[in-house]
Amino acid sequence: MKLVFAGTPEVAVPALDALIASGRHEVAAVVTRPDAPAGRGRRLVASPVAQRAEEAGIEVLKPAKPRDEDFLARLREIAPDCCPVVAYGALLPRTALDVPAHGWVNLHFSLLPAWRGAAPVQHAVLAGDELTGAATFLIEEGLDSGPVYGVITERVRPTDTSGDLLTRLAFAGAGLLSATMDGIEDGTLKAVPQPVDGVSLAPKISVEDARVDWHAPALRVDRVVRGCTPAPGAWTEFRGERLKLVSVRLDPERAGLAPGELVVGKKDVYAGTGSHAVELLWVQPQGKKPMSAADWARGVRIAPGERLGVSR
């Protein structure tokens with residue numbers, strides 16, 4: 001088939017690579033978000049998908065909005081058979097959805113209908129799911145509600161961050177998307193409507209959502225830190241400034257600390273929660289690079305009884 005691939009961030013690159021490498025289909029063009037400011041200089045930088053497509057000599061389309069008439073006209077000229085999508089980042093209008101004969105097929109990083117929305121992997125970690133996966137489905141105008149072509153499953157490991165899990169799903173899902181294109185082409189794959197039960201939503205995680213509540217149980221604190229890593233980054237306050245929590249470790253044997261209360265040993269730092277303590281492993285003070293919690297604690301000289309999560 002002739003394909004137009006739509007995607008933007010690094011997580012979409014493995015799927016693009018798999019389609020290019022398959023040799024069975026022609027990736028005629030790529031649709032991605034416009035160049036965005038990045039780095040300290042805030043200069044405009046092309047998306048990872050755009051950069052990979054340019055390396056491969058593939059035409060890159062960067063519409064400000066996918067309803068722009070110039071973009072739609074070019075899409076009709078290319079006349080793709082199907083448009084595979086991974087984390088494109090913009091809503092597709094009906095005028096675009098109707099162009100390819102086999103529609104737009106999205107690779108979504110959850111077992112639909114669970115975790116429909118922008119942040120399925122983060123919500124799976126936050127919820128403590130033990131099993132997740134990826135699904136390919138035909139895009140409709142509803143939110144991730146279209147019929148499903150195929151799924152893969154992936155275990156959520158106890159120490160997984162969202163970044164860890166998403167990386168694994170990106171590579172496993174790339175094979176699923178490529179196989180879905182093959183099945184659509186040869187007619188062996190039919191999309192099946194999603195179940196009406198089991199629907200859950202996964203809206204974008206805000207910075208406020210990533211704030212750690214030290215009165216919550218230790219298990220919840222651990223999930224927030226892992227679920228919000230690498231973005232937007234779990235955080236708390238210490239002496240009126242923001243402190244990012246890069247990684248923590250559960251320690252059921254350590255009890256008796258008030259929520260947020262810090263205890264510093266020679267090589268370790270503990271913080272109290274609503275249940276048992278967690279060990280702080282890596283933190284990032286405001287305006288500084290990540291560092292071990294032990295190094296941070298030595299530098300700030302924590303006084304007995306000092307607590308995290310206290311604004312003043």
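This is a predicted model: local features need pLDDT of at least 70, side-chain atom pairs count only at pLDDT 80 or more; totals for chains, interfaces and linings use all residues.
Select Leu143, Val199 and Leu201: together they make a nonpolar surface patch of about 270 Å².

Leu143 sits in the loop that links strand 8 (131-138) to strand 9 (148-155). Is Leu143 buried or partly exposed? Its relative accessible area is 48%, so Leu143 counts as partly exposed.

Next, select Thr229. This residue is placed in the loop between helix 7 (218-227) and strand 10 (235-238). Thr229 has a relative accessibility of 16% and is therefore buried, the cut-off for buried being under 20%.

Now zoom out to the whole protein and colour by secondary structure. Eight helices and 15 strands are present. Along the principal axes, the C-alpha atoms fill a box of roughly 70 × 45 × 30 Å. Of the contacts with a separation of 6 or more, 65% join residues 24 or more positions apart.

Switch to a surface view. The accessible surface of the protein is about 15,200 Å², and carbon and sulfur atoms hold 52% of that area. Of the 312 residues, 48% are buried.

Last, colour by charge. There are 36 positive and 38 negative charges, and their mean positions lie 7 Å apart.

How values were computed:
Residues are numbered from 1 along each chain as its sequence is written. Side-chain values use heavy atoms; hydrogens and water are left out. Helices (H or I, at least four residues) and strands (E, at least two) are DSSP runs, numbered from the N terminus. Buried means under 20% relative accessible area, exposed over 50%, partly exposed in between (1.4 Å probe, protein chains only). Contact means heavy atoms within 4.5 Å. Accessible areas come from the Shrake-Rupley method with a 1.4 Å probe; for residues, only the protein chains shown count as cover. Lys and Arg count as positive and Asp and Glu as negative; His and the chain ends are not counted. The place of a charge is taken as NZ of Lys, CZ of Arg, CG of Asp or CD of Glu. Patches are made of residues with over 30% relative accessible area and no salt bridge: like charges are joined within 9 Å, nonpolar side chains (Val, Leu, Ile, Met, Phe, Trp, Tyr) within 5 Å. A salt bridge is a side-chain nitrogen of Lys or Arg within 4 Å of a carboxyl oxygen of Asp or Glu.
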